[in-house]
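The sequence and structure are shown first.

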Amino acid sequence: MLKLIPKSEESIDRQAPDRAYLRLAAQIRELVDQGEFQIGQRLPAERALAERLDVSRTALREAIIALELQGVVEVRGGSGIYVCDAGSGGARLPTTQETGVGPFELLRARCLIESEIAALAATTRTDADLDRIFGALTAMREQMMDQEANREADRQFHLHIAQSTGNSVLHAAVVSMWDQARGPIWEKTEQHFHTQALRQASSEDHQRIFSALVARDAELARQAMRAHLERVIGVFAQGWR
């Protein structure tokens, strides 16, 4: 017999994946409000806190950034995460509409999808496509000190690769994923971890991807794109000391 799901329950289930880090942030906030962690106290190390809450460290990372935006905690580079005085009841947590999907969820999707796009592009790209991709790669190198300009060149690099597949659906998918890489959670994450060193490493990754496209080597293009996006995930997942 078919079980009918109430509309409210169905709505919650559909929202669950991209709200996980906000629910975790609310759980930590509740511990702060209950006095489990005192104002001015340093929170346990990420690994210990993740084990206590039975969550992944990447999920905890997104929750901590949400709490930082709320003013509940302060992340001090080289020192740790400290509880702030956000007032009784405090400011509300941002909503999913305000924050968008979590950075790690989006980056993992990009890693899966764009790796296959790169492999396909290696077999379909034209010389004109290579010219556009190389133009974006050059712009990234020239704008290494300008984070916003570098980011736009980075975006164009990935969009041009998707465009070179000749598949408008794949191109639209990459556009959509890049458009979702916005909002307060993303901005705060990049503020902490999107350094010049990461931009330099990404430029070198892009050169390897481009070389695979030039060689029409689908497997090498797939591996290079996957390694590039896994590098970004790894940098964003580095623990705060």
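## Overall architecture

The protein contains 11 helices and 2 strands, where helices (H or I, at least four residues) and strands (E, at least two) are DSSP runs numbered from the N terminus. Along the sequence, these elements follow the pattern α-α-α-β-β-α-α-α-α-α-α-α-α.

The model is predicted, with local features requiring pLDDT of at least 70 and side-chain atom pairs counting only at pLDDT 80 or more, whereas totals for chains, interfaces and linings use all residues. Residues are numbered from 1 along each chain as its sequence is written, and side-chain values use heavy atoms, with hydrogens and water left out.

## Surface and contacts

The accessible surface of the protein comes to about 12300 Å², and 51% of this area belongs to carbon and sulfur atoms. Accessible areas come from the Shrake-Rupley method with a 1.4 Å probe, and for residues only the protein chains shown count as cover. Of the 241 residues in the protein, 44% are buried; buried means under 20% relative accessible area, exposed means over 50%, and partly exposed lies in between (1.4 Å probe, protein chains only).

Contact is defined as heavy atoms within 4.5 Å. Among contacts between residues at least 6 apart in sequence, 75% join residues at least 24 apart.

## Packing of helix 2 against helix 3

Helix 2 and helix 3 (residues 57-70) pack at an angle of about 100°, and their axes are 9 Å apart. Axes are lines fitted to C-alpha atoms, for helices over the stretch in contact, and angles run from 0 to 180 degrees between N-to-C directions. The two helices, helix 2 and helix 3, are therefore roughly perpendicular to each other; angles under 35 degrees count as roughly parallel, over 145 as roughly antiparallel, 65 to 115 as roughly perpendicular and the rest as oblique.

On the helix 2 side, Glu46, Arg47, Leu49, Ala50 and Leu53 meet Arg57, Leu60 and Arg61 of helix 3. The residues of this contact divide into 4 nonpolar, no polar and 4 charged. In this classification, Ala, Val, Leu, Ile, Met, Phe, Trp, Tyr, Cys and Pro count as nonpolar, Asp, Glu, Lys and Arg as charged, and the others, Gly among them, as polar. Glu46, Arg57 and Arg61 are also linked in a network of salt bridges.

## Salt bridges

A salt bridge is a side-chain nitrogen of Lys or Arg within 4 Å of a carboxyl oxygen of Asp or Glu. By this rule the count is 16 salt bridges. One of them joins Glu36 to Arg52, with the closest N and O atoms 2.8 Å apart. This pair links distant parts of the chain, since Glu36 lies in the loop between helix 1 (7-33) and helix 2 (46-53) while Arg52 lies in helix 2, 16 residues apart. Glu36 is partly exposed at 39% relative accessibility, and Arg52 is partly exposed at 46%.

Two further pairs each lie within one helix. In helix 7 (residues 147-163), Glu152 and Arg155 are 3 residues apart, about one turn of the helix, and the closest N and O atoms of their salt bridge are 3.8 Å apart. Glu152 is partly exposed at 35% relative accessibility, whereas Arg155 counts as buried at 17%. In helix 11, Glu219 and Arg222 are likewise 3 residues apart, about one turn of the helix, and the closest N and O atoms of their salt bridge are 2.4 Å apart. Glu219 is partly exposed at 38% relative accessibility, whereas Arg222 is buried, with a relative accessible area of 19%.

## Selected positions

Asn150 lies in helix 7 and is buried, with a relative accessible area of 2%. Leaving aside neighbours within four places in sequence, Asn150 is in contact with Met140, Gln143, Met144 and Arg199.

Ile81 belongs to strand 2 (residues 80-83) and counts as buried at 6% relative accessibility. The C-alpha atoms of Ile81 and Ile64 are separated by 8.5 Å, with the two residues 17 apart along the chain. Gln223 is found in helix 11 (residues 218-236) and is partly exposed, with a relative accessible area of 41%. Between Gln223 and Arg208, 15 residues apart along the chain, the C-alpha separation is 9.7 Å.
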